[in-house]
Amino acid sequence: MFLKQIILKNFKSFAGKTVLDFPVFFTAIVGPNGSGKSNIVDAIRWALGEQSFKNLRVAKGSDLIFSSSKKNSTAGFAEVELVFDNKQSFFPLEFSEVSLMRRIDREENNDYYLNHQSCRLKDIIEISAAAKLGLKGFSIINQGSVENILKVSSQERRVMLEENLGLKNLEIKEEEAKRKLETALVNSDKIQALRQEILPHLRSLKRQVSRWEKIERIKEDLVIIERKYFVNLYDQILKEKRGSSIDFNQTKQKIENLEKIIKEKSREIGLLDEENDKNLETKIKNLTQEIIDLQNQKSLLLRDLGRKEVDTDMNISRESLGEQISSLKKGLESLLPLSDLREIKRKISKIIKDLESFFGSGNNKRQQKENGKIEEIQIALDKIESEINQKNKLLNNFQEQQNQKSLNFKKRFQEIELKRGEKEALYRELEREEILNEKFNLHLENFKRRLKESGLEFEEIERIYQNSKETELVSDEEFSRLESRILKGKQGLAEIGVEDPTVIAEYKEVTNRYDFLTQQINDLNKAIEDLKILIKELEEQIEQKFNEAILEINNQFNNYFRLIFNGGSAKLVQKKEKTNGENLAWGVDIKVNIPKTKLQSLEMLSGGEKTLVAICLLFALIEQSNVPLLVVDEIDAALDEDNSRRFSEILKALTKRTQFIIITHNRLTMNAVEVIYGITLSQDGSSKVFSLKLEEAEALAE
Ligand code: ATP
């Protein structure tokens with residue numbers, strides 16, 4: 001036995017607790033109309049997870065709970081427990097007994113239990129499918145629904161067949177794989193969209209960053225060019241200095257020597273003995289003054305003398321005296337512009353002689369008297385005269401000295417001027433040299449500053465210059481080419497701009513994200529491929545198993561058909577047809593040949609014939625698929641005597657492997673079963689169950 005026991009609590013018409021044991025393979029349930037027989041089939045369905053109210057023949061969930069018109073006898077919940085023997089492992093569970101239980105309360109909360117442990121509906125559906133108890137299959141056939149297999153579409157038929165062929169689990173796997181595939185495809189699309197979204201940003205970041213990557217290369221090139229350029233520039237600067245090649249120290253030495261000579265010569269010509277010079281000059285000046293003073297004294301004396309002589313000589317006419325005086329005045333006036341003392345003295349002597357000759361004649365007494373005085377004056381005059389002569393001599397001497405000195409001075413002075421000229425020339429050279437040096441230093445400084453700006457070391461350039469100027473130095477043309485290449489390189493760098501670390505960080509981050517998304521897409525694509533393969537394999541497996549099963553079913557189907565219809569033929573035919581969408585799906589058609597007629601279409605069969613075809617197919621299915629349990633509600637109602645007999649015989653044969661629970665009014669069926677349960681409706685509206693003997697059952701059924 002597979003189904004060992006059904007325990008009902010307040011389910012539909014079964015008030016309180018009702019236990020039905022199934023100790024044998026073939027059990028019939030009999031009873032009058034409306035006694036609650038079909039409620040047992042509903043109970044089995046419900047416990048196996050049925051969700052359709054229609055299939056359970058209720059309007060709502062709470063209709064499943066026993067309710068009575070009598071006061072206080074309405075229950076708060078309904079519960080059905082099915083106890084299975086699992087020694088043959090129809091359920092994929094490691095229990096020798098499996099209990100499936102469902103419970104509903106008035107609030108319509110459904111609870112499911114597997115071996116009294118709370119579980120999900122999904123678990124119940126999965127393990128029932130594994131045990132070929134799928135609700136869409138043929139294991140539980142409601143009253144009047146055996147012909148359903150003929151009425152449904154070919155695709156629905158295929159689903160029903162698969163359920164009982166135990167392919168449901170493979171289908172569940174396939175559906176799961178398809179669901180996963182769909183999710184993976186959706187996710188892959190989403191991630192690809194995300195990746196696509198960041199791609200333009202990543203591209204722009206990459207452009208920026210790769211431009212900065214160029215910086216290093218440009219800088220490296222630039223350093224090489226600049227090094228060469230600066231070595232050449234250094235050469236040019238050094239050349240400037242080489243242009244003037246005077247020896248600084250030597251020139252300075254020369255100037256010093258010249259200065260010494262100039263000093264020496266200056267001292268020699270008395271330039272440094274100015275005191276002496278001044279003395280001589282003062283002497284000459286003083287002496288000249290003394291002479292002039294003496295001349296004045298002499299003039300005064302001569303005038304006295306003249307007056308005395310006039311007094312003595314009255315013969316001298318007034319006119320001639322006047323003439324004499326004006327000539328004297330003229331003579332004296334002519335002295336005034338003169339500076340030469342000798343000339344002055346000569347002229348004075350002449351004036352004196354003229355005067356003497358004018359006053360030389362005439363003696364008288366008065367003259368005699370005056371002669372003494374004249375003689376005195378004469379003596380004084382002579383004295384002054386000799387003094388003047390003496391001083392003139394001295395003056396001449398001094399002047400001679402001065403002239404000599406002046407000549408000497410002139411000569412030496414010219415020599416000194418010459419030396420001074422030489423010195424000035426050397427100075428100018430030195431000055432020029434200093435300017436050149438200044439310029440050189442400035443250029444060198446500028447050069448070093450530019451080197452520093454370019455990040456180069458002066459020592460390095462100098463070293464290259466010293467070691468390999470032969471190879472490094474280039475033509476002017478090449479030099480200006482270097483210059484423009486440097487300019488171009490620097491412009492390039494300026495255009496690229498300065499590295500922005502935040503952009504680089506962002507680039508890394510976005511790249512990581514992009515790579516991460518790519519990795520995810522790759523993973524998903526791999527999963528998609530795997531799932532596609534799995535789905536294909538499952539499809540093939542289902543296909544193969546299904547095809548094999550169809551072959552076997554057809555064999556049995558045909559046998560049962562020929563047995564019941566006394567000949568003819570029947571078979572299932574697979575065909576691919578369009579579903580409501582565009583997809584092609586497999587469906588199963590039924591083809592029959594009724595003997596002695598040309599009828600082929602199922603629609604043209606009578607109601608009884610239809611039931612017979614359906615039963616033939618059901619038997620074939622049971623035989624092929626090794627279904628452990630079959631619950632059928634009055635499928636034998638439409639059979640005539642002959643067919644009822646055949647039906648019960650076949651059933652008997654099948655129950656060697658399959659457990660049957662059959663609700664029936666058919667006497668011939670009742671004859672074939674081992675245990676009969678009778679059901680009646682008691683006064684309070686609840687169903688009661690009891691075991692019956694065949695005769696009792698027949699009586700009850702009637
Ligand atoms: P038939 O031989 O005519 O097919 P049956 O024996 O199969 O009849 P069922 O359909 O199983 O009868 O039982 C129907 C009976 O169950 C009805 O009398 C109905 O009132 C009763 N019933 C259904 N639901 C409940 C419920 N929730 N509480 C009480 N009785 C209920």
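**Exercise 1.** Identify which helices each supply at least two residues of the lining of the second largest pocket.

*Solution.* Helix H8 (274-312), helix H9 (318-335) and helix H10 (341-359) each supply at least two residues of that lining. Helices here are DSSP runs (H or I, at least four residues), numbered from the N terminus. The model is predicted: local features need pLDDT of at least 70 and side-chain atom pairs count only at pLDDT 80 or more, while totals for chains, interfaces and linings use all residues. Residues are numbered from 1 along each chain as its sequence is written, and side-chain values use heavy atoms, with hydrogens and water left out.

Next, H8 gives the most to this lining, with 14 residues. A pocket is an open set of points on a 1 Å grid over the protein atoms alone, where a 1.4 Å probe fits, with protein on both sides within 12 Å along at least five of seven lines; lining residues have an atom within 4 Å of a point. The lining has 32 residues, with Ser299, Leu302, Leu328, Leu332 and Ile351 nearest the pocket centre.

**Exercise 2.** Determine how H5 and helix H14 (residues 501-565) pack.

*Solution.* The angle between H5 and H14 is about 90°, and their axes lie 11 Å apart. Axes are lines fitted to C-alpha atoms over the stretch in contact, and angles run from 0 to 180 degrees between N-to-C directions. H5 is therefore roughly perpendicular to H14, a class that covers 65 to 115 degrees. Finally, Arg158, Leu161 and Glu162 of H5 meet Ile542, Glu543, Phe546 and Ile550 of H14 in the contact (heavy atoms within 4.5 Å).

Key:
Angles under 35 degrees count as roughly parallel, over 145 as roughly antiparallel, 65 to 115 as roughly perpendicular and the rest as oblique.
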